[in-house]
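Hi,

Here is the structure I promised to pass on. Have a look at it first, and then read my notes below.

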Amino acid sequence: MPFAGENTPGSVHIGTSGWSYAHWAGVFYPGDIKPAKYLEYYTTRFSCVELNSSFYHLPSESTVKGWLNRTPASFIFCPKFSRYVTHELHLMNADEATERFFEVFRELKPKLGPVLIQLPPSLKYDEPLVSTFLGILKEKYSSFRFAVEIRNKSFLSDKFFNLLNSYNMAFVIADSGNRYPYSEVVTAGFIYIRFHGRENLYASDYNDDILREYAEKIKKWNHEGKEVWVFFNNDFHGYAVKNALSLMKMLNS
C-alpha cells in the first residue's frame, strides 16, 4: 500500500522547517494555544513539515510515536539527517549511527517524505567518499528517498549531479542569497527547495515577486510530472509561515 510520502507526480508539498517556535506565538499560533499543541494547530494549515530538530539530536521513540498519533493520516514529515554523521564523522565509519537514525524513524515511515541530508561547508567533493556513502543509503535504505543539500561549491559538478541522478536523489535548491551554492539542476523524480532567507540568513522576508518567480518554476516542474517539496527555513518574525502560506495561495490561484 502506498505510504503518505510516496512520489506523486505533479503534486506540491509546502511547509516550514520545524513548528516549535516560541516566537510564532501571536504571529502564527493563537495566544490561547499552548506549545504542547503547536503541532496539532500547525497541521490545520500545512500538510507537511521538515524536521529540523532531528539534525541536532535523535528524537526518542515515544516522541516519534507521538508525532505519528498526533497528526492526520495524510500529514508528512521530512526528517533532517543526523549532523553527527555529516558534520562530525564526515560520512566515514557511519554505519552504526546511520542505522540508529533509521531505526528511530521506521515507525513513522508511513508518514515520511524525503530525508534531507545537509553536508557541511568544510566537506569538499570527494567522489569515492560521497559515492560510497550515498551508495550505502541506496542499498540498505532503498525504501527511503533522499535530498542532498551542499554547502561547498566543489560539489557543483556534472560528476556529482550524475551521481545523484544514478541514485534518484534530489539536489536541494537552496535559496540563501548566494551564501550557499545554488543550482536548479534536477537529479531525481522530485524537486526539493529550501528557503533560508536572502538579506539575513533565516531572518528575511521573501517578497511576492520572488515567490511568484518560484511559483512559475514549480508549475513548470509540475507540468513535467515532478513532485515538488518546498520548505521555508526563515523562521524569524514568522516569515516562514507567512511566505509558505503566500506561495500556497499563488499556486492555488
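**What I found**

Tyr202 sits in the loop between strand 8 (190-195) and helix 7 (208-223); helices here are DSSP runs of H or I with at least four residues, strands are runs of E with at least two, and both are numbered from the N terminus. Its phi is near 65°, a positive value in a residue other than glycine. That is worth a look, because most residues other than glycine have a negative phi. Tyr202 is partly exposed, at 26% relative accessible area (buried means under 20%, exposed over 50%, partly exposed in between, with a 1.4 Å probe and protein chains only).

Before I go on, some housekeeping. This is a predicted model, where local features need pLDDT of at least 70 and side-chain atom pairs count only at pLDDT 80 or more, while totals for chains, interfaces and linings use all residues. Residues are numbered from 1 along each chain as its sequence is written, and side-chain values use heavy atoms, with hydrogens and water left out.

Asn93 also has a positive phi, near 50°, and is not a glycine either. You'll find Asn93 in the loop between helix 3 (83-88) and helix 4 (95-105). With a relative accessible area of 78%, Asn93 counts as exposed.

**The whole chain**

Overall there are eight helices and nine strands. The radius of gyration, taken over C-alpha atoms, is 17 Å, which agrees with the value near 18 Å that a compact globule of 253 residues would have (the rule is 2.2 Å times the number of residues to the power 0.38). The C-alpha trace spans about 50 × 40 × 35 Å along its principal axes.

Of the 253 residues, 53% count as buried. The chain exposes about 11500 Å², and carbon and sulfur atoms supply 51% of that (areas by the Shrake-Rupley method, 1.4 Å probe). Taking contact as heavy atoms within 4.5 Å, residues 24 or more positions apart make up 73% of the contacts with a separation of 6 or more.

As for charge, there are 28 positive and 27 negative side chains, and the centres of the two sets lie 2 Å apart. Lys and Arg count as positive and Asp and Glu as negative, leaving out His and the chain ends; each charge is placed at NZ of Lys, CZ of Arg, CG of Asp or CD of Glu.

Cys48 is in no disulfide, and its nearest cysteine sulfur, that of Cys78, is 6.2 Å away. Cys48 is buried at 0% relative accessible area, and Cys78 is buried at 0% as well.

Phe46 is in the loop between helix 1 (38-42) and strand 2 (48-51). Is Phe46 buried or exposed? Buried, at 3% relative accessibility. Leaving aside residues up to four places away in sequence, Phe46 touches Ile14, Gly15, Phe28, Phe75, Val241, Ala244, Leu245 and Met248.

Finally, Arg70 lies in helix 2 (residues 61-70) and is partly exposed at 31%. Not counting residues up to four places away in sequence, Arg70 touches Ala36, Leu39 and Glu40. The C-alpha atoms of Arg70 and Lys37 are separated by 9.2 Å, with the two residues 33 apart along the chain.

Cheers

Note on methods:
A disulfide is a pair of cysteine sulfur atoms within 2.5 Å.
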